[in-house]
Amino acid sequence: MSKNIIDELEWRGAINQQTDAEGLREYVESHKISLYCGVDPTGDSMHIGHLIPFMMLKRFQNFGHHPYILIGGATGTIGDPSGRTSERQLQTMEQVQHNVDSLTKQMKQLFFSKDNEHELTMVNNYDWTHDLTLLDFLRDYGKNFNINTMLAKDIVSSRLDSGISFTEFAYQILQSMDYLHLFKAHDVRLQLGGADQWGNITAGLDLIRKKEGAEAKAFGLTIPLMLKADGTKFGKTAGGAIWLDANKTSPYEFYQFWLNQDDRDVVKYLKFFTFLTQDEIEELAHKVKTDPHKREAQKALAEEMTLFVHGKDALNDALTITEALFSGDVSQLTSDQIESGFKNMPSKTMPKDAINIVDWLVQAEIEPSKRQAREDVTNGAISINGEQIKDLEFVVSPDNSFDGKFIIVRKGKKNYTLITIK
């Protein structure tokens, strides 16, 4: 491990911009810095794109610094205009609170432990803004913001053609107030954020210096925009976002997402997302070059991330499902594992009746005709629940199912269909 957290972040390629690179390096050399990163409760789960700056927050924690995680109970009622081309649909206060509760629970699961709970603090900006009057807001804070400066920020200037409401325009004032409050109340000296947060972060630093003096020691640091080797945005798939909530993206799907990363991207992701050492990552990088077909780097990435987000039991389930599908031996899977692993595979509902294999395959639309069904069964191309079926007289019945719920059919080596018994 590097002696200075900044060296560690630089090696991992995790620094995009800094407001005072030399000053921050010197400060963390001689101080245990308090720092923060925030997330707005626009939904009831984070996805892996949200996770990037918080992994950096965790690295500071591992170096002995004190992270603060801010849940935007106030800013979430407005909506950050960053990265958007149109106005955000406002949520009800009840929905915002539900999301706050969900994200708070998720953050605690990811970043708190018995060993270091005292080293991490969670805060909600609703706590220091909900009693603020409009007149106090305008007099105490609005007076410190120049409209021309606000218009020049990328987060605002990118929206001027399409239009931006005063509500979203004022977002950077609220986020600046957060930094000022944390600076004064908790001696927080550093704000982390994604590359799109640069304008909000610098606005916060301007406010601190206007309120606390030009010599106030406070810093900003952003994380690079994460793009895949093909130039597309990281974290998006054909099926949508990869969520941290197991009910939205199962641990098996989560594991498979990381396992299927391109050789050109995997080392970068190992540096960004895992806590493997420099030596461990460099060894995996070497294997990408010498034995890419073994996909050892992807396996390490998938295992590290699934363990971190979902825990050991969920990782073991994901590994069990992956191995079963690879080998074709699905007989030892549980019904829960089947439901998770086959969620996005072709599926069909069939009655509980006992039916001859040939007729059953046609009714399930796995085979186009009885002739083709007979041919595939005779040739050993059909497996039911991991067992190869060559008997044309075989009868498929609920007795063949997993817990009376599912039957798994494999045609050839890779074509699976999940049959739900009703």
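How many residue pairs are in polar contact between domain 1 and domain 2, counting pairs with both residues at pLDDT 80 or more? The exercises below work towards this contact in a predicted model.

**Exercise 1.** Locate the two domains and count the polar contacts between them.

*Solution.* Begin with the domain assignment of the chain, which places domain 1 at 5–223, domain 2 at 236–327 and domain 3 at 347–421. Next, take the centres of domain 1 and domain 2 over C-alpha atoms; they are separated by 29 Å. To the contact, domain 1 gives 20 residues and domain 2 gives 22 residues. Finally, the count of residue pairs in polar contact between domain 1 and domain 2 is 10, with both residues at pLDDT 80 or more.

**Exercise 2.** Describe the side of domain 1 that touches domain 2 by element and by class.

*Solution.* The elements giving two or more residues to this side are α3 (48–62) and α4 (93–111). Of these, α3 provides the largest share, 8 residues. Sorted by class, this side of domain 1 holds 11 nonpolar, 5 polar and 4 charged residues.

**Exercise 3.** State the area buried between domain 1 and domain 2, and name the three residues of domain 1 that supply more of its share than any other three.

*Solution.* The two domains bury about 1900 Å² between them, and 70% of this lies on carbon and sulfur atoms. Within domain 1, 37% of the area buried against domain 2 comes from Trp-11, Arg-12 and Ile-48, more than from any other three residues.

**Exercise 4.** Determine whether Asp-44 and Lys-248 meet the distance cut-off for a salt bridge.

*Solution.* The cut-off is 4 Å between the side-chain nitrogen and a carboxyl oxygen. The closest N and O atoms of Lys-248 and Asp-44 are 3.3 Å apart, and the pair forms a salt bridge. Between domain 1 and domain 2 the count is 1 salt bridge.

Terms used:
Residues numbered from 1 in each chain as written. Heavy atoms only, no water. Domains from an automatic or database assignment. Contact = heavy atoms within 4.5 Å. Buried area = accessible area lost by both parts, 1.4 Å probe. Polar contact = N/O pair within 3.5 Å; in protein donor to acceptor, adjacent residues only side chain to side chain. Helix = DSSP H or I, 4+ residues; strand = E, 2+ residues; numbered from the N terminus. Nonpolar A, V, L, I, M, F, W, Y, C, P; charged D, E, K, R; others polar.
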